[in-house]
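I opened a notebook for this one and looked things up chain by chain. These are my entries, in the order I made them.

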Amino acid sequence: MAYLKNIVGLALLALIMVFYVITYWLITRKKVMPKFRTLPGLLALDEIVGRATEMGRPVLHSTGRGALYSSGVGTTLASFVIYGEVARRCAKMKTELITAIGTAEHIPIIQSIAENAYRSENALEELKYENFVFVGGSQSSSNARIFALLEQRKPASFIVTGGYGADLCTLGGAGRAAGCLSLCGTTNTYQYPYAVAAYDYWLIGEDFLATAAAISKDPPQVANIWAGDLFRFLLVGLIVIGVVLAWLGFNISEYLTI
Amino acid sequence: MEMQEQIKKLLTNKTFVQGMLIILLIIPLARPLGLPIRIDQHSINFYNIIENLEPGTKILFNYIPPVVLMGDLVPQSIPVIYHLFSIAKERNIKIYFVGLSVADGILQLLDTEVFGTIGKPEDYGLKYGEDWCNLGFVAGGDIAWSTFAQNIRASIQYDRYGNPIDSLPMMQGVNSVADFDLIINCGEYNTMIVRHWGTPYNKPILVLCLTGAVVQDVEPFYRAGQIKEYLAGVRAAADYEKLVNRPGRAIASLDAISISHIFLIALIIIGNILYVMERASGRE
Amino acid sequence: MVSQDPGVWVAALFIMMGYSIVVKDNPFYRFAERTLVGVTAGVLAVQGLENVKKLAITPLMQGEIINIVPILIGLLVFFRISRKYAYISRIPLSMMLGSGIAVGMVRSIPAEIIGQVKGLFSPIPAGATPIDYLNLVLVPLFVICTLLYFTYTKEHTGTLGILTKIGRYAIAFGLGANFGNMVMTRTNYVIRPLQIILYKWLGIKV
Amino acid sequence: MGGISVLRKREIPMAIIFIISMIFVVQYYVKGVEPLDTLTNTLGNWAIIFSALAMGIGLINLIIIHGRKVMDRKGEWYFDAWLILIMLVTFGLGAIGGTEDPYYSFIFNNVYQALSPTLFSFAYLYMCTIAVQAFRVMNWDAGLLMLAGVLTMIANIPMVQVQTGLFVELKNWIFAVPARGVFTAFRISLALGFVLIGIRVILGVERGYLGVEEA
């Protein structure tokens, strides 16, 4: 006999979907466009690619590691979206782009994103396949490989997005020592302090995941982020009520585990 | 002014700072002072939980420290496993080692680092298949964790040494995580353990974690009651070595740890003094 | 007493070559770097192969023919090498992505959203001191302010502005604690190779 | 671009993602449908197999990039030749003899287990390098960050712990109250972020990731 489980979780998911429908309806039908908070890290993309163009040196983008079947794949996808933007800008400015790829299964995706970006700028012949560097799949081997790339190719800008561990700090320090303008984006809570300390620009946590929507300004994307915000306010309300009730001696946690 | 610039140049010089640090660490490692230590409350609680285990407890021990992080994880596991082994025989405690990780699993560490240091389980009178077993490595993130939790035989048919798991006497009647009494994790993915093994089956979890993981991965779960107790890093390993009265590498590395902390704090303070001086001279 | 084990010699030499980049880029470091990249790729490929053996090849040998399917689909990824049929390589990739994204989505709700929210509902303990009362208020306050800091579609002004400002400071403070605690873990990263050199290779007894 | 080629380039991967992810979503919320549980387990195992086979693309990439340097005798080509050689040797030994093969174990224990932590440890070395410049008290945020950081560091020094329990108490308070609050919120917010990006991907709103051509 089939029956539902994890009902509270399902209800919350359904609630987000309901918010999504409402916000989408508001944006497309009622033309209510919410104002997007600016993310400084995002505005820096132009500056980062522009600097490399001016100096006539390449941009190095490390796209992170992470299996596509792992539950943290959202980070990897957000990294791919930013990579697409960087590739497009590089193609437009005729700036060389070196890509350090951390996980083998990303290679096909990265290559097609780059092909697509270069094609849309009519610069497909500029794309050099030897610039897709597979860095070996682990933190240490990617450190080793990227140190060497920084020494040998002398990039002017260094972008580090996606799934990282402790190497986020290492790469930032190495990038700074090599005189690069750097941007990082990650969702790994361990690494936030280093993201802030070792890089010139950063996108951390949800900021990074919301980037794609902030770039595109596409109604379905914006509606999605807006729905998330509404849900956030609801959650804050729930926390306030729950905490006060708990102080008064009523614990509502039992009702949240069905 | 000249001097300020020179100090700043020296302290931001990669070779100087990194070389200096390596030399500063080598000295105390080669000649540790062996200063007394203060045992942390978490270590005492952890010790008491293991010490007071009920007879017949079945422990699921997820042992999968990644190679790069073993410096912080392996030293703690050595005294803890030693403690478990030394009480296992008389209390009939059964230990099931398994290694669930996302992609890279290095099971050799249990043999080389742990058994190489404290001796094989057989030396403690434990018999393979009856008192302890090693179910081997399972790859695959969230899905692997939840499959294993629901039905062990769906994700594992053979143990690490190639025996069918049904041939192990201690696996009889053990079908899912619900059949264990205690979960210990020594590895990176504490969140996964809580999410798939602990919370759904309401099992107590003990965690051996990275010091750096405490704040974000362990404390929130510990405060919410989803993790029962934790040990963190080499610091806790030294405590535990003291508690089980078996001094090892962790105690010997404490001086180096002190030095590295003091070095970094000094760098930060000097950096800030230089910054204040720069600003002061800039205002003139 | 210096070690007689050739393995320890190899390990120690590679460690020293790896650290030689501290001084400057040199051929020894480049040799170690290429070795590491090569060995890592090899090791990961072997681990992958072990997984394939365990999950598909062994059952296939035992006559479960269905297990040929994932191998065939998985091999489609090699179509990436052809320019013309590169799109075929997306089939296995999107299958992986579908599982990852769905699992990440549904499972994070109970464990991370509900579980964490629930953990905040703590009753006032008996015999609470003023500090306890303060903490009881502060924890949810910091949670709320940090949560609100990640609002995108509303300007951070007015009440929301004040709350997000508290959130900002709380984040800075929390990150600082995290950073300070991380130093310990990271020191151990350095200690480990040095221990191999000192204890295993040079044979220093402590 | 003709209609069919667009279809095969864009709609098929999106349809696959939608179907597969819905199977997982439904399986998670509906209990008691046996085939669904088996199906998700099988798909999960398949994903691991795909990922393992995709590692082959990584090996090919390395062979192409470094092989080209060897062919052109460019720069230090002998190092590139060595990379390919050691990679193939490691893989060959492990593939034929398994992970218990003595030669594979030799490489694993003495090369991989030595070099990997060495390069990894630069995380700390570089942290010290940037410490002088990066951790400056330029504003309130940075000040609070440094205050909490330095307090925690002092509390973690074993020598200090023996002398006084004050810093440990302080550290425990920081962990239990401000840090706990912030990281609880990070966890919630990240989970929400993952749910949102999940919805975007499953519904096909987010397209930038597959390198799919614009119609």
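**Chain A, overall.** I began with how far apart in sequence the contacts reach. In chain A, 71% of the contacts with a separation of 6 or more link residues 24 or more positions apart. I note here that this is a predicted model. I then looked up the secondary structure of chain A and found nine helices and seven strands. The C-alpha trace of chain A spans about 65 × 40 × 40 Å along its principal axes. Chain A has 258 residues, and 62% of them count as buried.

**Strand β5 of chain A.** β5(A) covers residues 157–161, and five of its five residues are buried. Which residues lie on each side of β5(A)? On one side I found A:S157, A:I159 and A:T161, and on the other A:F158 and A:V160. Both faces are covered. I reminded myself that side chains in a regular strand alternate between the two faces of the sheet.

Then I checked the pairing. Strand β2 of chain A, residues 59–62, runs parallel to β5(A), with four bridges between them. In that pair, A:V59 stands opposite A:S157. β5(A) also pairs with strand β6 of chain A, residues 181–186. That pairing is parallel too, over five bridges. There A:V160 has A:C184 as its bridge partner.

**Chain D, overall.** I turned to chain D and asked the contact question again. Here residues 24 or more positions apart make up 26% of the contacts with a separation of 6 or more. Chain D has eight helices and one strand. Along the sequence I read the pattern α-β-α-α-α-α-α-α-α.

How does the radius of gyration of chain D stand against that of a compact globule? A compact globule of 215 residues would come out near 17 Å, and chain D has 26 Å. The C-alpha trace of chain D spans about 70 × 55 × 40 Å along its principal axes. Of the 215 residues in chain D, 54% are buried.

I also looked at the domain assignment. It gives chain D a domain 1 at 31–120 and a domain 2 at 130–202. The centres of these two domains of chain D, taken over C-alpha atoms, are 36 Å apart.

**Confidence.** I looked up the scores before going on. The model has ipTM 0.87 and pTM 0.88. Chain D has a mean pLDDT of 84, with 93% of its residues at 70 or more. Where in chain D is confidence lowest, and where highest? The lowest mean, 79, belongs to α1(D). The highest, 91, belongs to helix α3 of chain D, residues 77–97.

**Chain D against chain A.** I counted the contact next. It involves 52 residues of chain D and 63 residues of chain A. On the chain D side, the elements that give two or more residues are α1 (3–29), β1 (30–31), α2 (34–72), α4 (102–120), α5 (122–134) and α8 (166–202). α8(D) gives the largest share, 15 residues. Sorted by class, this side of chain D has 36 nonpolar, eleven polar and five charged residues.

I also found strand pairing across the two chains. β1 of chain A, residues 3–4, is joined to β1(D) by two bridges, and the strands run antiparallel. A:L4 has D:V30 as its bridge partner.

**Chain C against chain D.** This contact takes 91 residues from chain C and 95 residues from chain D. Among the elements of chain C that give two or more residues here are α2 (27–61), α4 (90–119) and α6 (158–201). By class, the side of chain C that touches chain D has 59 nonpolar, 23 polar and nine charged residues.

**One residue, C:V190.** C:V190 sits in helix α6 of chain C. Why does C:V190 count as buried? I counted 28 other C-beta atoms within 10 Å, so C:V190 is buried. The cut-off for buried is 20 or more. Leaving out residues up to four places away in sequence, C:V190 touches B:L25, D:S121, D:Y124 and D:L125.

Notes: Residues numbered from 1 in each chain as written. Chains lettered and ligands numbered in written order. Predicted model: local features only at pLDDT ≥ 70, side-chain atom pairs only at ≥ 80, totals over all residues. Domains from an automatic or database assignment. Contact = placed C-beta atoms within 7 Å. Nonpolar A, V, L, I, M, F, W, Y, C, P; charged D, E, K, R; others polar. Pairing = 2+ DSSP bridges. pLDDT = per-residue confidence, 0-100. Buried ≥ 20, exposed ≤ 12 C-beta atoms within 10 Å, placed from the backbone. Rg over C-alpha atoms; globule rule 2.2 N^0.38 Å.
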